[in-house]
Amino acid sequence: MTQYKRIAIDTSKAVFTLHGIDQTERPILRINLNRGQMIAFFTKLPRTEIAMEACGGSHYWARELAALGHRVLLIPPQYVKPYVKRGKNDRNDAEAICEAAGRPGMHFVPVKSADQQAQGMVLKVRETLVDQRTALVNTLRGHAGEFGVIAGKGVSNIIPLLEKVAAETAIPREARETMALLGEEIARLDARLKQMETKVHQAHKANPVSKRLATIPGIGPVIALTLATEIDPTAFESGRHLAAWAGLTPREHSTGGKQRMGGISRAGNERLRALFVLGATSVIKVAERPGNKLATEWLLKLLRRRPRKVAAVALANKMARTAWAMMMSGEAYRRAPAAGVS
């Protein structure tokens, strides 16, 4: 039986492209398998190193193949892209995955358990429902504005808006009924969101790491549970590495010994970055209130010399580094002294 040094898989829903190399790095396997053939093919092989791009479906296959005794490596897609040859197709993608997996210093993604994916699904479904509700609220406000009925932003203003629409006899009946239908859909999503919030809080309370992270100012159950279920701190060399991976560091364009730092790019984990910045913004919102315990001397000085949005990103960076340190050490959060307190 052929002994492979490594097999790379370009995954999809139905067709899987395999690229295998021998001990001399020579390609000796290039085939396509359908979904039903995967397990049977790898069951016959001796222990082999298998590489795939990290995605939701790849974690399932990683668990299945690891159960057969294989060593599975998941690579972030952005680390595979530089190795893709000109002319993108499934075979070139599989070859690029195989090449990237063999590079020294390559970073890999830890394989998630089924429970971790389930908890992550609760968070993502909640986010989807929030997006759907926001879209419906904006639609309702827009249509109401077409008939001169204006309301402030926010879900709390929806019921008063619907009451105004129902009481406005100048609005045609068809329009009032349609906007009432939108109100019913928003109410239905509100009920679903309350159910998801309950599940998030239950999962948060059952996770000791999440409970510990929630003691950091600006980090609530959603951010804490996201970090606890989706982040492996050992995959990062330091808290700065985690902050950079989340996209909370400036873009650098340095050359000739001259350091040039730009703004925050869209690189990194967009969802985690948005959560960190949102949490930091909530801290800044109350930090300048007299006597507030969140107002550390460092934060107040930062706010005096930098715009609030810049300060929010800087604070988010600090929150990410603090979270990494707590996850690695297992220690509780040590609150910094408030401004004016020695």
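**The nonpolar core and its surroundings**

Mentor: The largest nonpolar core has 39 residues, and those that touch the most other members are Leu213, Ile219, Leu227 and Phe276. At least two residues of this core come from each of α7 (173–206), α9 (221–230), α10 (239–245), α11 (270–287), α12 (297–305) and α13 (308–329), while α13 gives the most, with 10 residues. A nonpolar core here is a set of buried Ala, Val, Leu, Ile, Met, Phe, Trp, Tyr and Cys residues joined through side-chain atoms within 4.5 Å; helices are DSSP runs of H or I with at least four residues, strands are runs of E with at least two, and both are numbered from the N terminus. The model is predicted, so that local features need pLDDT of at least 70 and side-chain atom pairs count only at pLDDT 80 or more, whereas totals for chains, interfaces and linings use all residues. Residues are numbered from 1 along each chain as its sequence is written, and side-chain values use heavy atoms, with hydrogens and water left out.

Within α13, the residues that are buried (under 20% relative accessible area; exposed is over 50% and partly exposed in between, with a 1.4 Å probe and protein chains only) are Ala311, Ala312, Val313, Leu315, Ala316, Asn317, Met319, Ala320, Ala323, Trp324, Met326 and Met327. An α-helix has 3.6 residues a turn, so residues three or four places apart point the same way. The 22 residues of α13 should span 32 Å at 1.5 Å a residue, and its end C-alpha atoms lie 31 Å apart, which agrees; the expected span is 1.5 Å times one less than the number of residues. Gly330 follows α13, with a positive phi near 80 degrees. Lys318 lies over the face of Trp298, 4.1 Å from the ring centre, where such a charge is NZ of Lys or CZ of Arg within 6 Å of the ring centre and within 35 degrees of the ring normal.

Leu227 illustrates the packing: leaving aside residues up to four places away in sequence, Leu227 touches Leu213, Ile219, Leu272, Phe276, Ala323 and Met327, contact meaning heavy atoms within 4.5 Å. A second, separate core of 19 residues includes Phe42, Met52, Ala62 and Leu65.

Aromatic rings of Phe, Tyr and Trp (its six-membered ring) pair if their centres lie within 6.5 Å, with planes under 30 degrees apart counted as stacked, over 60 as edge-to-face and the rest as tilted. This rule gives 4 aromatic pairs. In one of them, Phe41 and Phe42 have ring centres 5.1 Å apart and planes at 85 degrees, so the pair is edge-to-face; both Phe41 and Phe42 are buried. Tyr60 and Trp61 also form an edge-to-face pair, at 5.1 Å centre to centre with 70 degrees between the planes. Trp61 is buried, at 5% relative accessibility, but Tyr60 is partly exposed, at 34%. Ring pairs link Phe16, Tyr60 and Trp61 into a cluster.

The structure holds 0 disulfides, a disulfide being a pair of cysteine sulfur atoms within 2.5 Å. The sulfur of Cys55 is 17 Å from the closest cysteine sulfur, in Cys98, which is too far for a bond. Cys55 is partly exposed, with a relative accessible area of 35%, whereas Cys98, at 4%, counts as buried.
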